[in-house]
Amino acid sequence: MPFMNSQPMILKSSDKSPFCLFMDRDGVINELLPGDYVKNISEFHFRENVLTGLAKLTQLTPYLFIITNQQGIGKGIMSETDLFLVHQYMSEQIIKYGGQLAGIYHCPHLESDDCPCRKPKTGMIEKIYFDFPEILDYPKLLIGDSATDLELGIKIGASCFGMRHGHNTLANWSGYESIEVHQFDEFVEHCIRLENGSTI
């Protein structure tokens with residue numbers, strides 16, 4: 001059962017400004033590789049309906065961001081160039097299908113480095129706010145597939161969605177106010193309803 005907010009979720013904005021959306025990458029945008037990292041294009045596979053879903057979301061807001069921990073770089077398993085090429089391919093495919101990302105932000109550091117940009121810390125979000133100061137007061141949505149993502153979402157006051165898939169079915173998210181979804185198009189439908197002023 002999805003863990004629902006105690007109050008109905010609805011986007012609130014006094015001037016009808018667009019919302020901004022923060023998305024985890026692995027397990028949300030592309031298929032997760034358990035115990036491994038997506039190191040090249042051949043290992044990157046979009047999840048079902050993501051490309052068409054991002055095209056729909058682009059019609060709702062220009063502020064679509066990917067925020068991703070990539071400690072495979074810190075471990076020396078992959079390089080910044082490897083990640084750049086993966087993200088270049090990802091962006092090209094998203095554009096090809098009619099979508100557009102405002103930015104892709106990553107933390108390359110090890111968990112043990114205690115880096116301020118590694119989720120659930122807020123460094124990547126702060127960098128986005130610096131780059132896009134106009135979104136500071138916009139309604140915020142966040143979707144991820146781990147407690148780390150949901151914890152970050154709560155810290156920044158976002159409405160949170162948890163993406164369930166075959167590798168996190170047993171993860172306990174009961175301590176986080178979020179709505180569970182199982183497919184990207186399901187999440188997109190939630191966003192459309194929220195943008196139209198409906199509650200969930």
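Is Val38 buried or exposed? Val38 counts as buried, because its relative accessibility is 3%. Here "buried" means under 20% relative accessible area, "exposed" means over 50%, and "partly exposed" lies in between, all with a 1.4 Å probe and protein chains only. The notes below go on from there.

This is a predicted model, in which local features need pLDDT of at least 70 and side-chain atom pairs count only at pLDDT 80 or more, while totals for chains, interfaces and linings use all residues. Residues are numbered from 1 along each chain as its sequence is written, and side-chain values use heavy atoms, with hydrogens and water left out.

1. **Val38 and its distances.** Find Val38 in the loop between S1 and H1. Helices (H or I, at least four residues) and strands (E, at least two) are DSSP runs, numbered from the N terminus. Val38 and Gly72 are 34 residues apart in sequence, and their C-alpha atoms are 8.7 Å apart in space. From Val38 to Leu150 the separation is 112 residues in sequence and 22 Å in space, C-alpha to C-alpha. Leu150 belongs to helix H4 and counts as buried because its relative accessibility is 0%.

2. Ile66 sits in strand S2. With 0% relative accessibility, Ile66 counts as buried.

3. **The largest pocket.** The volume of the largest pocket is about 660 Å³. A pocket is found on a 1 Å grid over the protein atoms alone: it is an open set of points where a 1.4 Å probe fits, with protein on both sides within 12 Å along at least five of seven lines, and lining residues have an atom within 4 Å of a point. Grid points are joined across faces, edges and corners, and the volume is the space filled by probe spheres set on the points.

4. **What lines the pocket.** In total, 28 residues line the largest pocket, and Asn69, Gln71, Arg118, Ser146 and Thr148 lie nearest its centre. Strand S2 (64–69) and helix H4 (147–155) each give at least two residues to this lining. By type, the lining has 7 nonpolar, 10 polar and 11 charged residues. For this count, Ala, Val, Leu, Ile, Met, Phe, Trp, Tyr, Cys and Pro are nonpolar, Asp, Glu, Lys and Arg are charged, and the others, Gly among them, are polar.

5. **Aromatic rings.** The model has 9 aromatic pairs. Rings of Phe, Tyr and Trp (its six-membered ring) pair if their centres lie within 6.5 Å; planes under 30 degrees apart are stacked, over 60 edge-to-face, and the rest tilted. One of the pairs is Phe44 with Phe46, which is edge-to-face at 4.9 Å centre to centre and 85° between the planes. Phe44 and Phe46 are both buried. Do look up the aromatic cluster too: Phe22, Tyr63, Phe65, Tyr105, Phe132 and Tyr138 form it.

6. Which loop holds Arg164? Arg164 lies in the loop between S5 and S6, and counts as buried because its relative accessible area is 9%. The charged end of Arg164 sits over the ring of Trp173, 3.8 Å from the ring centre. (That label needs NZ of Lys or CZ of Arg within 6 Å of the ring centre and within 35 degrees of the ring normal.) A polar atom of the Arg164 side chain is also 2.8 Å from the backbone oxygen of Ala171.

7. **Asn168.** The loop between strand S5 (159–163) and strand S6 (179–181) also holds Asn168. Asn168 is buried, because its relative accessibility is 7%. Its side chain reaches the backbone oxygen of Met163 at 2.9 Å.

8. **Backbone details.** Most residues other than glycine have a negative phi, and most peptide bonds are trans. Asn49 has a positive phi, near 70°, and is partly exposed at 29% relative accessibility. Asp114 has a positive phi too, near 55°, and counts as exposed at 54% relative accessibility. A cis peptide bond, with omega about 15°, joins Lys119 and Pro120. Pro120 is in the loop between strand S3 (103–107) and helix H3 (123–131).

Key:
Polar contact = N/O pair within 3.5 Å; in protein donor to acceptor, adjacent residues only side chain to side chain.
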